[in-house]
Amino acid sequence: MSPAPQPKRLTRSTNDRMLGGVAGGLAEYFGVSSTLVRVAFVASLLLPGPQVLLYLLLWIVIPQE
């Protein structure tokens with residue numbers, strides 16, 4: 001009997017980080033490029049909403065790997 005696979009965990013990246021590692025961690029979790037996540041975040045800044053507050057909240061809530 002093989003051991004059960006470990007569930008994926010959302011963590012902030014320590015290797016692929018520019019500011020807090022949130023974009024790198026999200027990219028790793030969802031299996032996409034971190035550049036794509038960063039571009040999507042910057043593009044979302046053109047829309048009204050609490051994007052920066054959400055980023056700061058994720059920076060606080062998501063544990064570092």
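Good morning, colleagues. Please bear in mind that the model is predicted.

I begin with the fold. The protein chain contains 3 helices and 0 strands, and in sequence order the pattern reads α-α-α.

Next, the dimensions. Along the principal axes, the C-alpha atoms occupy a box of roughly 50 × 20 × 20 Å. The radius of gyration of the protein chain is 14 Å, whereas a compact globule of 65 residues would have a value near 11 Å.

Of the 65 residues, 26% are buried. Considering contacts with a separation of 6 or more, 48% of them join residues 24 or more positions apart.

I now turn to Arg38. This residue belongs to helix α2, which spans residues 34-44. Is Arg38 buried or exposed? Arg38 counts as buried because its relative accessibility is 18%, and the cut-off for that class is under 20%.

What does Arg38 touch, once residues up to four places away in sequence are set aside? The partners are Asp16, Arg17, Met18, Ala23 and Gly24. For Asp16 there is a further detail: a polar atom of the Arg38 side chain lies 3.3 Å from the backbone oxygen of Asp16.

To close, Arg38 is a buried residue of helix α2, and its side chain has a polar atom 3.3 Å from the Asp16 backbone oxygen. Thank you for your attention.

Conventions: Residues are numbered from 1 along each chain as its sequence is written. This is a predicted model: local features need pLDDT of at least 70, side-chain atom pairs count only at pLDDT 80 or more; totals for chains, interfaces and linings use all residues. Side-chain values use heavy atoms; hydrogens and water are left out. Helices (H or I, at least four residues) and strands (E, at least two) are DSSP runs, numbered from the N terminus. The radius of gyration is taken over C-alpha atoms; the globule rule is 2.2 Å times the number of residues to the power 0.38. Buried means under 20% relative accessible area, exposed over 50%, partly exposed in between (1.4 Å probe, protein chains only). Contact means heavy atoms within 4.5 Å. A polar contact is a pair of N or O atoms within 3.5 Å; within protein, one must be able to donate a hydrogen and the other to accept it, and residues adjacent in sequence count only if both atoms are side-chain atoms.
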